[in-house]
Every structure is written in C-alpha cells, then in structure tokens.
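Please open the model in a viewer and keep the selection panel at hand. The stops below are arranged so that each selection leads to the next.

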Amino acid sequence: MPLTDAARIIATPAFARASAILRRDHDRFVEDIVALTEIPAPPFKEARRAEIYRDLMIQHGLHDVKLDGIGNVTGLRPGKAPGRKGMVVASAHLDTVFPEGTDTTVRREGTKLFAPGVGDDTRGLAALLAFMRALDAAGIETAEDILFVADVGEEGQGDLRGIRHLFTEGEYRDRIGAFFTFDGPEMGKLVTSAIGSHRYRVTFRGPGGHSLNAFGTVSPAYAMAALVAGMGQIVVPETPRTTFSCSVFGGGSSINAIPEEVWVEIDLRSASSEELAKLDARMRALVEEAVAAENGRRETRSGSITAEVKQIGDRPAGATPEDAAIVEACKAALRAHGLDFVTAASSTDANIPMSLGIPAVMIGTGGHGDRYHSVDEWIDVEPEASSKGLSTGLAALIAVAGLVEG
Ligand SMILES: [Zn+2]
C-alpha cells in the first residue's frame with residue numbers, strides 16, 4: 001500500500017532527501033523564477049512562455065509533454081500503480097495581468113526580487129520544476145500519475161479558460177482525481193473553497209435625440225441609473241460571503257444629446273452557487289424593471305429603451321470538504337513544517353475542479369511578497385522560508401499521489 005499520510009511521508013528518508021535538495025538547489029530555483037519572469041505572458045498572450053516551459057518539461061524528463069488545444073502545457077510523471085484514485089494535477093498559471101510592453105526585468109535587492117508577475121504566479125511555475133527535480137533526485141515514486149500543468153487564462157478576463165479546458169475538453173478530463181494549484185508565495189491561506197463570480201456588461205440603448213428639441217424622449221441613462229440604484233439596495237448575506245459591484249461605466253456621445261447607448265459592468269460574487277444564482281436573478285429583474293419604468297415614464301415615439309445583458313465572466317463556486325484527503329494532506333504538511341495557516345475562500349484555478357466535485361486546493365509555495373497585480377510586485381526568496389514552503393507543497397503533493405516505498 002502506498003503511504004498517503006503526509007506526516008509519515010515527511011519522516012521518511014526519501015522525503016528528507018527531497019527536502020534537502022529543495023534547500024540545496026534553491027539558487028537554481030531562484031534562477032528559474034528570474035528567467036521565467038522575464039518572458040512576458042500578458043493576458044491571452046502566454047504562447048511564448050508556454051513554448052519555453054514545454055521545453056523545460058521535456059528537459060525535466062516528463063512524459064507526453066504537449067501544448068493542449070487551449071495553450072496549456074501538460075506533462076506526465078507516471079505513477080507505479082496508477083488509476084485507483086486518479087491522477088493528481090500540480091498546476092501553476094502562465095499568465096500575468098500585465099499588458100504587452102510591460103517591463104518584466106527582475107531587479108534584486110538582497111533576497112527580494114522585484115518584477116511584475118514574479119510572485120503571481122511565476123514563482124509557482126518555477127516551484128513545479130523544483131518539485132520535478134527533487135522527486136527525481138530523491139528517487140521518489142508515487143502510486144498515481146502526477147500531471148504537471150502550466151495553464152493559461154487564470155487572471156481576469158482569461159476567466160479560468162485553461163483549467164476549464166483541462167476539465168471539460170482536455171484528454172485527461174475523466175482521469176483527474178485531485179488538483180493542486182500552486183499560486184503565489186503565501187502559505188498562510190489554504191484555499192479550500194471557491195468564490196464564484198458572474199460578470200456582466202449591461203448595455204441600454206434608445207433612440208437618442210437633441211437634448212433640447214427631443215426633450216422628453218426616453219433615455220437609456222435613466223434606465224441604467226435605476227439599475228445601479230436598485231443594485232445599491234440589494235441586501236446579501238455575510239455568510240456565505242456574497243458581494244456585488246457596479247464597477248465600470250461608459251456611453252453617451254455629446255453633452256447636448258440624449259445618449260443612444262450607455263453601459264455598466266457589474267461583478268457579482270458568492271461562495272455559494274445558490275446565492276450567486278439569486279443575486280444574478282435579482283440583477284436581471286432590475287434590468288427589466290428599469291427598462292419598463294423608463295419606457296413608461298417618457299416618450300417612445302422615436303423608439304424605446306432596450307437592454308442587452310452580456311456575460312463577460314463566469315467562475316463557478318464550489319468547495320472541497322475539510323475532510324478530503326487533499327485538505328488533510330496540506331494541513332498535515334503545513335503543521336509539520338511549523339507554518340501557521342487558515343483555510344480560506346478565493347477565486348483561483350481551483351474553482352473549476354471544486355465546482356465539479358473534484359477535490360482541489362490552492363496553496364502557496366513559500367516566502368512572502370506584496371503588491372501583486374501592480375508593477376511594484378515583489379517576493380522575498382530568503383532561502384530558509386522559501387524552501388520550507390516548497391517542501392510543504394511537495395509533501396502534500398506526494399501524500400495525495402501516494403508514496404511507493406522501497
Ligand atoms: Zn495567481
């Protein structure tokens with residue numbers, strides 16, 4: 001029987017070797033972070049970084065290394081007795097939030113690395129490579145296959161398209177039994193539930209007209225304002241955490257014209273899919289009420305107000321049970337490494353498997369940092385804290401895949 005208890009795995013000589021290798025080769029890990037960070041990966045433009053990462057996976061001896069249909073890079077580390085619980089995914093995301101042209105040159109100050117994307121999630125990509133090397137050098141075999149994935153589209157409008165593809169159309173979709181996303185350095189939050197979100201652009205249109213001569217004509221501006229004011233009156237539960245925001249606005253063409261078109265972008269979120277559905281239905285009802293009210297209040301001879309609700313983001317909610325093996329493994333590994341943590345809800349690549357009932361977590365890879373999603377982003381790669389995080393993640397990964405002893 002493979003060993004699946006993380007605390008017992010950490011006590012084995014094989015794991016001690018792996019952990020020592022992560023510490024000893026920490027400089028190599030930092031070099032990988034720097035090299036990968038300096039290959040820009042703007043939203044929807046991850047291809048160059050993906051191709052280089054594919055070559056790295058091949059150099060690290062993974063099997064069946066390929067770019068899949070959406071642009072993810074996948075590579076297998078075969079297990080000794082695969083199939084009982086399904087393959088274990090170890091993933092990190094290729095994309096950053098930074099647009100093309102952003103300077104991603106890494107600046108070093110002591111043990112700190114400064115560059116856009118250096119922590120979120122380029123460190124995760126380098127961590128996967130460090131795991132591959134430590135597993136091999138320590139001679140560790142797992143029962144289940146480990147599928148390493150460098151995925152596209154985690155951030156913003158990417159809308160989790162890489163991991164969505166992996167679980168809906170990818171060739172491994174029916175074989176995955178557990179999913180790790182290694183995202184960012186921080187170890188203090190073990191993400192075991194997924195905040196779902198629906199994002200919309202709601203566009204109101206009308207006939208427009210001269211602000212003086214056509215005064216009295218229906219205006220999409222008042223309909224939009226009624227929607228926004230109505231949203232402001234919605235009461236949502238604190239638990240499960242549910243939020244909404246009318247965030248970005250646009251429209252109109254001239255100060256002396258009734259607008260023909262105005263729009264608002266709205267972000268709805270909840271840790272519960274039922275609450276998210278309720279909030280979604282309330283927003284849609286408000287849109288209809290706002291249109292009807294404006295058409296009833298003013299002149300529609302030259303045309304009526306209409307509204308188009310266009311979904312621009314959809315991240316499903318979900319959760320991994322606290323007693324799932326993957327959560328237990330992470331908790332045991334964190335404790336064994338003396339790291340304090342809380343379980344938390346977030347919106348990450350793990351949303352997709354969680355929404356499908358596949359055990360999944362998001363865990364950090366060690367050290368710390370700040371200013372993520374800003375050009376001032378930095379991480380601290382002080383080797384003790386940094387390699388401790390790597391060792392923690394690797395222990396949890398091995399526990400879920402099952403350590404084959406001897
Ligand atoms: Zn991230």
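Two terms are needed from the outset: contact means heavy atoms within 4.5 Å, and helices (H or I, at least four residues) and strands (E, at least two) are DSSP runs, numbered from the N terminus. This is a predicted model, in which local features need pLDDT of at least 70 and side-chain atom pairs count only at pLDDT 80 or more, while totals for chains, interfaces and linings use all residues. Residues are numbered from 1 along each chain as its sequence is written, and side-chain values use heavy atoms, with hydrogens and water left out.

**Domains.** Colour the chain by its domain assignment, whose bounds come from an automatic or database source. Domain 1 comprises 6–194 + 317–401, and domain 2 comprises 196–315. Their C-alpha centres are 39 Å apart. Where they meet, 12 residues of domain 1 contact 11 residues of domain 2.

**Zinc site.** Select the zinc ion next. Donors are N, O and S atoms within 2.8 Å of the metal (3.2 Å for Na, K and Ca); water is not among the atoms, so sites may look incomplete. The protein supplies His93 (NE2), Asp120 (OD) and two OD atoms of Asp183, at 1.9 to 2.5 Å. Angles among the 4 donor atoms run from 55 to 148°, and the site is irregular. His93 belongs to strand β3 (residues 87–93) and Asp183 to the loop between β8 (176–182) and β9 (189–194), so the pair ties together parts that are 90 residues apart in sequence.

Are His93 and Asp183 buried or exposed? Buried means under 20% relative accessible area, exposed over 50%, and partly exposed in between (1.4 Å probe, protein chains only). His93 is buried at 0%, and Asp183 is buried at 10%.

Now select the peptide bond from Asp120 to Asp121, which is cis, with omega near 5°. Asp121 lies in helix α5.

**Nonpolar cores.** A nonpolar core is a set of buried Ala, Val, Leu, Ile, Met, Phe, Trp, Tyr and Cys residues joined through side-chain atoms within 4.5 Å. The largest one has 74 residues; those touching the most other members include Phe131, Phe180 and Leu394. Helix α5 (residues 118–137) contributes the most to this core, with 11 residues. Centre on Leu394: among its contacts, not counting residues up to four places away in sequence, are Phe15, Leu22, Phe131 and Leu135. Another core, of 21 residues, lies apart from it and includes Tyr200, Ala223, Leu268 and Val287.

**Helix α6.** Select residues 161–168. Here 6 of the 8 residues are buried, so helix α6 is largely enclosed by the rest of the structure. The buried residues are Arg161, Gly162, Ile163, His165, Leu166 and Phe167. Their cover includes β2 (73–77), β3, β7 (146–151), β8 and α10 (351–355). In the loop between β7 and α6 is Asp159, which has a positive phi of about 60° although it is not a glycine.

**Last stop.** Select Thr239 and Pro240, which are joined by a cis peptide bond with omega of about -10°. Pro240 is in the loop between α7 (220–232) and β12 (242–251).

Notes
Four donors count as tetrahedral if all angles lie between 85 and 135 degrees; four count as square planar and six as octahedral if opposite donors are over 155 degrees apart and all others between 65 and 115; anything else is irregular.
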